[in-house]
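Below is a protein structure with its sequence. Look over both before reading on; the paragraphs that follow go from the whole chain to its parts.

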Amino acid sequence: MAGSRAGAMPVLGLIALIWVQGSSTVEVGHMLLQSEMVQTRNPTGEFMFEFDKDEIFYVDLEKKQTVWRLPQFAEFTSFEAAAALGNLAVDKFNLGIWIERSKNTSAIPVPPEVSVFSRYPVELGEPNVLICFMNKFFPPSINVTWYKNKMPVVEGVQETDFYPREDGSFRKFHYLTFIPNEEDIYTCSVDHWGLEQTMNKKWDAEVASQPSETSETLVCALGLAFGIIGMIVGTILTIKGMRRNGEQRR
């Protein structure tokens with residue numbers, strides 16, 4: 001990706017569609033979101049549901065199946081992946097029209113803000129998880145590579161989907177399980193069309209001893225996210241009821 005920046009950026013088209021499907025009273029202020037997008041780059045599409053910015057499920061477009069964030073969610077309800085595929089087919093058709101009307105105008109990329117921090121307080125020799133958080137970027141196409149002492153790491157790596165933000169940009173998490181010690185240096189290497197060059201964020205035991213305000217805020221947010229799982233279960237029942245109402249209207 002970085003090597004092709006010297007030339008003209010290829011034309012990019014994108015539709016990001018987000019609908020509020022349901023919400024509770026104003027006093028509580030919870031929000032259930034359906035998000036879908038298509039674009040001319042990889043990934044070419046995405047479909048997911050969120051509750052208060054916490055993912056409930058997404059649709060694996062290659063396997064054509066629904067993937068729940070927690071397997072227990074599937075015990076309460078289901079979601080047909082075919083419905084998402086149908087929506088994305090319509091989005092793709094509309095995207096072609098928009099690209100034609102815009103005369104193939106290129107999208108303006110916005111580079112990500114990147115931070116790396118540990119999921120738990122660091123204890124040398126104890127298993128932990130490194131989190132590479134990318135925020136406020138556009139388009140939702142990004143390459144991430146983990147390094148340990150300048151050597152690429154592929155085992156113990158996981159990632160989330162692209163989570164939409166209210167301003168039209170996106171956020172994404174990459175995870176790496178590891179055992180911290182004083183000698184090892186880890187790097188999250190991020191490549192995006194909005195960056196002039198690859199961004200490298202390093203982490204070591206010394207960095208861990210001086211947590212930034214951003215990492216502390218994100219860790220608190222992650223803790224809050226796990227704390228509302230029970231509320232999400234109730235939201236899933238809401239999705240089920242909404243789906244039944246939709247079927248009755250048809």
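The model is predicted, and every value here is computed from it. The protein chain contains four helices and 14 strands. It has 250 residues, of which 40% count as buried. Among the contacts in the chain with a separation of 6 or more, 59% are between residues 24 or more positions apart.

We start with the hairpins. Strand S2 covers residues 31–39, and eight of its nine residues are buried, so the strand is largely enclosed by the rest of the structure. S2 is joined by seven bridges to strand S3 (residues 45–51), and the two run antiparallel.

Another hairpin is made by S4 and S5, with four residues between the strands. Strand S4 (residues 54–60) pairs with S5 in the antiparallel sense, over four bridges. Lys 64 in this hairpin takes a positive phi near 55 degrees. In a regular strand, side chains alternate between the two faces of the sheet. Strand S5 (residues 65–68) has a covered face made of Thr 66 and Trp 68, while Gln 65 and Val 67 make up its uncovered face. Trp 68 in S5 stands opposite Phe 57.

Phe 57 leads on to the aromatic residues. A search of the whole structure finds 14 aromatic pairs. In one of them, Phe 57 and Phe 79 are tilted, with 4.8 Å from centre to centre and 35 degrees between the planes. Why does this pair tie together parts that are 22 residues apart in sequence? Phe 57 lies in strand S4, whereas Phe 79 lies in the loop between S5 and H1, so the pair links those two parts. Phe 57 counts as buried because its relative accessibility is 0%. Phe 79 is buried too, with a relative accessible area of 17%, since the cut-off for buried is under 20%. Phe 57 and Phe 79 also belong to one aromatic cluster, together with Phe 47, Phe 49, Trp 68 and Phe 73.

Helix H1 spans residues 81–101 and includes Ala 83. Ala 83 has 41% relative accessibility and therefore counts as partly exposed. Ala 83 and Val 59 are 24 residues apart in sequence, and their C-alpha atoms are 9.9 Å apart in space. Helix H2 (residues 205–208) contains Glu 206. Is Glu 206 buried or exposed? Glu 206 counts as exposed, because its relative accessibility is 58%. Between the C-alpha atoms of Glu 206 and Glu 182 the separation is 7.9 Å, and these residues are 24 residues apart along the chain.

The next part is a sheet. Strands of a sheet pair through backbone hydrogen bonds, either parallel or antiparallel. Four strands, in the order S9-S8-S13-S14, form an open sheet with antiparallel pairing. Strand S9 (151–153) and strand S14 (199–203) stand at the edges; each has a single partner strand, so one side of each is left without a neighbour in the sheet. From one strand to the next, the twist averages 35 degrees. S9 pairs with strand S8 (residues 143–148) in the antiparallel sense over three bridges, and Met 151 in S9 stands opposite Lys 148.

Finally, consider the nonpolar cores. In soluble globular proteins, nonpolar side chains tend to be buried together. Which residues have the most contacts inside the largest nonpolar core? They are Leu 130, Cys 132, Met 134 and Val 190, in a core of 20 residues. At least two residues of this core come from each of strand S6 (113–118), strand S7 (128–137), S8, strand S12 (170–178) and strand S13 (186–191). S7 gives the most to this core, with four residues. Apart from this core lies another, of 16 residues, among them Ala 81, Ala 84, Leu 95 and Ile 99. Leaving aside its neighbours within four places in sequence, Val 190 is in contact with residues including Pro 112, Val 114, Cys 132, Met 134, Ile 142 and Leu 195.

Terms used: Residues are numbered from 1 along each chain as its sequence is written. This is a predicted model: local features need pLDDT of at least 70, side-chain atom pairs count only at pLDDT 80 or more; totals for chains, interfaces and linings use all residues. Side-chain values use heavy atoms; hydrogens and water are left out. Buried means under 20% relative accessible area, exposed over 50%, partly exposed in between (1.4 Å probe, protein chains only). Contact means heavy atoms within 4.5 Å. Two strands pair if DSSP finds at least two bridges between them. Axes are lines fitted to C-alpha atoms, for helices over the stretch in contact, and angles run from 0 to 180 degrees between N-to-C directions. A nonpolar core is a set of buried Ala, Val, Leu, Ile, Met, Phe, Trp, Tyr and Cys residues joined through side-chain atoms within 4.5 Å. Rings of Phe, Tyr and Trp (its six-membered ring) pair if their centres lie within 6.5 Å; planes under 30 degrees apart count as stacked, over 60 as edge-to-face and the rest as tilted.
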